[in-house]
Amino acid sequence: MEYIVIVGIVLLVIVLRSSLVMVTQGYKFTVERLGEYKGTLEPGLTFIIPFFDRIGAKINMKEQVLDIQSQDVITRDNAMVRTDGVVFFKILEPQKAAYAITDLEASIVRLVQTNIRTVMGSMEMDELLSQRDAINIKLLSVMDDATGPWGVKVTRVEIRDIAPPQNMVEAMARQMKAERDKRAVILEAEGIKQAEILKADGLKQATILNAEGLKEAAYREAEARERQGQAEAKATEVVSRAVENGSLQALSYFIGLKSYRCRQQRKPQSNRNAITSCGR
């Protein structure tokens, strides 16, 4: 009797254990009843019918990433490039992901490789190197449409590397060096041109300022001579009046002033001209 109780307890434990299913967060389990899809279990503790129901597939509902191995691609202008990438995807419908496709991850990788050859093969080398974002967008659109029937959402496709052939790399390096040398020559010529322009502007400004200074000095000198002439004329008038009145001091001043003027005239002129001027 005791053996029967023990066997019954063991069988009960086995039944309970096979009927309790713990689904962890981020996963969903499909349930098959007698080999047919019955439903999908959400995260948490769930009961199933022992011996009739079983777990079919454990589906990872988190976003996943797959590496795309490098492969050779022939571009539209017959250049051979080697490229690789990554693809990010997320399962939205566990039933389709489990039963609509065999080996989901391998199928996604093969599909990405095929579409990379198709998209990049329709472009030229220069477009591949300069329009990587456009390639990623086009690949994402194609992949999203293709994986929809599998219950999968492709969130991102990234081309990691595009390696052109070695001879093309060398040619591009020579072209880049030639472009840098060209820009250096242009910049140097522009610098010399700008320096010459600044130098000419400086000389122009200096000439203008010098001319203005000379003009101002001449104007000041003319004003000074005018004032001096007015003063001398006034003094001569005063002295002349004094001489007419018989003042000996005024006569001496007048003679001395004339002698001073004669001496001043001799400085810029020859002796002969000075004597003639003083004689007058």
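User: What joins the side chains of Glu 93 and Lys 96, and how do you know?

Analyst: First, the ground rules. This is a predicted model: local features need pLDDT of at least 70, side-chain atom pairs count only at pLDDT 80 or more, and totals for chains, interfaces and linings use all residues. Residues are numbered from 1 along each chain as its sequence is written, and side-chain values use heavy atoms, leaving out hydrogens and water. Now the pair. A salt bridge needs a side-chain nitrogen of Lys or Arg within 4 Å of a carboxyl oxygen of Asp or Glu. For Glu 93 and Lys 96, the N to O distance is 3.4 Å. That is within 4 Å, so the pair is a salt bridge. The rule gives twelve salt bridges.

User: Why is Glu 93 called partly exposed?

Analyst: Buried means under 20% relative accessible area, exposed means over 50%, and partly exposed is in between (1.4 Å probe, protein chains only). Glu 93 has 35% relative accessibility, so it falls in the middle class. Lys 96, at 34%, is partly exposed too.

User: What links Arg 82 and Asp 72?

Analyst: A salt bridge, with 2.7 Å from N to O. Arg 82 is in strand 7 and Asp 72 in strand 6, so the bridge ties together parts ten residues apart in sequence. Strands are DSSP runs of E, at least two residues long; helices are runs of H or I, at least four; both are numbered from the N terminus. Arg 82 is partly exposed at 38%, and Asp 72 is partly exposed at 41%.

User: Where do Asp 181 and Lys 177 lie, and how many residues apart are they?

Analyst: Both are in helix 6 (residues 166–244), four residues apart, or about one turn of the helix. Asp 181 has 39% relative accessible area and counts as partly exposed. Lys 177 is partly exposed as well, at 48%.

User: How do you know that strand 7 and strand 8 pair, and in which sense?

Analyst: Two strands pair if DSSP finds at least two bridges between them. Strand 7 (residues 80–91) and strand 8 have ten, so they pair, in the antiparallel sense. In this pairing, Ile 91 stands opposite Val 152 of strand 8. Strand 6 and strand 7 also run antiparallel, joined by nine bridges. There, Ile 68 has Gly 85 of strand 7 as its bridge partner.

User: What makes strand 6 and strand 8 edge strands?

Analyst: The open sheet has the order 6-7-8, with antiparallel pairing. Strand 6 (64–74) and strand 8 (152–163) each have a single partner strand, so one side of each has no neighbour in the sheet. From one strand to the next, the twist averages 20 degrees. Helix 3 (residues 104–121) packs on this sheet, touching strand 6, strand 7 and strand 8. Touching is contact, with heavy atoms within 4.5 Å. The direction of helix 3 makes about 35 degrees with that of strand 6. Such angles run from 0 to 180 degrees between N-to-C directions, with axes fitted to C-alpha atoms, for helices over the stretch in contact.

User: Is Gly 151 buried or exposed, and how do you know?

Analyst: Its relative accessible area is 3%, under the 20% limit, so Gly 151 is buried. Gly 151 sits in the loop between helix 5 (132–147) and strand 8. Leaving aside neighbours within four places in sequence, its contacts are Lys 90, Ile 91, Leu 92, Glu 93 and Lys 96. Asn 136, in helix 5, is buried as well, at 7%.

User: Which residues form the nonpolar patch, and what is its accessible area?

Analyst: Leu 20, Met 22, Leu 45 and Phe 47, with about 450 Å² together. Strand 1 (20–23) and strand 4 (44–47) are the elements that give two or more residues each. Patch residues need over 30% relative accessible area and no salt bridge; nonpolar side chains (Val, Leu, Ile, Met, Phe, Trp, Tyr) are joined within 5 Å, like charges within 9 Å. Areas come from the Shrake-Rupley method with a 1.4 Å probe; for residues, only the protein chains shown count as cover. Phe 47 reaches 61%, over the 50% limit, so it counts as exposed.
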